[in-house]
Amino acid sequence: MFKKILIANRGEVALRVMRACKELGVKTVAVYSTEDADTYPVQYADEAVCIGPAQANKSYLVMPSIIAAAKNTGAEAIHPGYGFLAENADFARACADNDLVFIGPAADCIERMGDKSSARETMKSCGVPTVPGSDGCIDTAAEAKAFADSVGYPVLIKATAGGGGKGMREVHDPAELESQYQAARTEAGAAFGNDGVYLEKLVLRPRHVEVQVLADDFGNHIALCERDCSVQRRHQKLIEEAPSPALTEDLRRAMGVAAIKAVRAVDYRNAGTIEFLLDTDGRFYFMEMNTRVQVEHPVTEEITGTDIIKEQLRIAAGEPMSCASRAPFTPQGHAIEFRINAEDPEHGFRPCPGNVTKFEAPSGPGVRVESYVRTGSRISPYYDSLVAKLIVHGQDREEALARGRRALDEFVIEGIQTTIPFHRRVLENAVFCAGDATTDFIETQMGDVL
């Protein structure tokens, strides 16, 4: 195992990695911007290095500064968390070039799966179901029209280089195709420095179901059950649960087999996620692979008894994962995660940065809170609006729902607006409580809140 690692991230995920390290006896180095100098993860780490001003492109995205901080403090490895440089192949390569272990997959694997068009072709070749789509990127509006005419509307235009809903457009009307195609390319170019897009047939009213995978250097490839992430706004997840209420045992098994096929096809190592769309007829299709740990990994930890961050560290250190002997996994109980963001749902989930004047987290049986925030913390306008993740676990979904209601009622955050009231309303919704939410849930069920 490593003696010391650097965490190339901030906030909640930085603290999560540090806690896993402390339990394994690994020293930690935090990097921080001037904006984050007084945050709890910086205080919690064994060492901390300032890497620049508040703007991410002058601090958390500056690879030479992070590499230098690791070398100067004697760190042996770098954990990227999620966001920032977590899926940047050049960063993984820079770590290797400087004799630092990147705690994640190899650079070529990140590259191969990061290009969504290429990833689709790889999945098709190994027998993983994919949504009917274009062969590679579409270079002109005329090509886009020809594809849409061949598969029928609606279609989905998607950026090949990114995620999070950027460079993505639904097209239901042929008259809007050209303008939406150009808009998607413009947005993709601005967000990812790559304006390549491809087209897919749009699956109507799907569920978003993903499978957590782990793979090590000892031939172990495991699927840690699935998560349902269908409650989203603008393709950003808000609530995740495990297992998915939509899956039968046969469907869970089939999805897990497909996920392992995907992992083996690209010779993957470390933690990753295979994301699928599940249609109303119970057919599933590969959507993309995230080559990093996910924000929602705690729900999988709760139903499998596995510490995914520790397994990442073991795999990167050249050790076998400790949970392989327990595979295949059967979900133990039910877990739900609520993302508590500094946002105003009534105004389009507008970010609401500011000073937290009171922070009282819920507790009790089956309640877990992941947060870097304390009373007196400042939610910065420079970064993601995530304040905390509330995870509840019950013997079954009914108990998890009841526990979620109780925990949300106990959660007190003052000084800023948050999504806590929104989550309370979701738990009053009959469709969500029945386990029937699809990716259009907010638009179709929560219009009165918005």
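In the predicted model, the lining of the largest cavity is made up of five nonpolar, two polar and five charged residues. The residues that line the largest cavity are Arg207, Asp228, Ser230, Val231, Ile239, Glu241, Pro245, Arg397, Phe432, Gly435, Asp436 and Ala437. Two elements, strand 10 and strand 11 (236–242), each give two or more residues to this lining. Of the elements, strand 10 gives the most to the lining of the largest cavity, namely three residues.

The second largest cavity holds about 50 Å³ of space. Its lining consists of 13 residues, and those closest to the centre are Asn9, Arg10, Val31, Pro41 and Val42. Helix 1 (11–24), strand 2 (27–33) and helix 2 (40–44) are the elements that give two or more residues to the lining of the second largest cavity. By class, the lining of the second largest cavity comprises eight nonpolar, three polar and two charged residues.

Helix 9 contributes the most to the lining of the second largest pocket, with seven residues. Sorted by class, the lining of the second largest pocket has 11 nonpolar, three polar and four charged residues.

The packing of helices was considered next. Two packed helices are described by the angle between their axes and the distance between the axes. Helix 1 packs with helix 11 (residues 308–316) at an angle of about 65°, and the two axes are 9 Å apart. Because angles of 65 to 115 degrees count as roughly perpendicular, helix 1 is described as roughly perpendicular to helix 11. The crossing of these two helices, helix 1 and helix 11, is right-handed. On the side of helix 1, the contact involves Arg16, Val17, Ala20, Cys21, Glu23 and Leu24, which meet Ile308, Ile309, Lys310, Leu313 and Arg314 in helix 11. In terms of class, the contact of helix 1 with helix 11 has seven nonpolar and four charged residues, and no polar ones. Helix 1 therefore has a place in this contact, and helix 1 also gives two or more residues to the lining of the second largest cavity.

A second pair is formed by helix 7 (residues 141–151) and helix 8 (residues 177–192), whose axes come within 10 Å and cross at roughly 120°. Helix 7 and helix 8 are therefore oblique to each other. The crossing of helix 7 and helix 8 is right-handed. Ala141, Ala144, Lys145 and Ala148 of helix 7 make the contact with Leu177, Glu178, Tyr181 and Gln182 of helix 8. The residues in the contact of helix 7 with helix 8 divide by class into five nonpolar, one polar and two charged.

Features of the backbone were also examined. Most residues other than glycine have a negative phi, and most peptide bonds are trans. The peptide bond that joins Tyr153 and Pro154 is cis, with omega about 5°. Pro154 is located in the loop between helix 7 and strand 6 (155–159). A cis peptide bond also runs from Ala242 to Pro243, where omega is near -5°. Pro243 is placed in the loop between strand 11 and helix 9. Asp99, which is not a glycine, has a positive phi of about 60°. This residue, Asp99, lies in the loop between helix 4 (89–97) and strand 5 (101–102).

Notes
Residues are numbered from 1 along each chain as its sequence is written. This is a predicted model: local features need pLDDT of at least 70, side-chain atom pairs count only at pLDDT 80 or more; totals for chains, interfaces and linings use all residues. Side-chain values use heavy atoms; hydrogens and water are left out. Helices (H or I, at least four residues) and strands (E, at least two) are DSSP runs, numbered from the N terminus. Ala, Val, Leu, Ile, Met, Phe, Trp, Tyr, Cys and Pro count as nonpolar, Asp, Glu, Lys and Arg as charged, and the others, Gly among them, as polar. On a 1 Å grid over the protein atoms alone, a cavity is a set of points where a 1.4 Å probe fits but cannot get out, and a pocket is an open set with protein on both sides within 12 Å along at least five of seven lines; lining residues have an atom within 4 Å of a point. Grid points are joined across faces, edges and corners, and a volume is the space filled by probe spheres set on the points. Axes are lines fitted to C-alpha atoms, for helices over the stretch in contact, and angles run from 0 to 180 degrees between N-to-C directions. Angles under 35 degrees count as roughly parallel, over 145 as roughly antiparallel, 65 to 115 as roughly perpendicular and the rest as oblique. A crossing is left-handed if the near helix is turned anticlockwise from the far one by less than a right angle, and right-handed if clockwise. Contact means heavy atoms within 4.5 Å.
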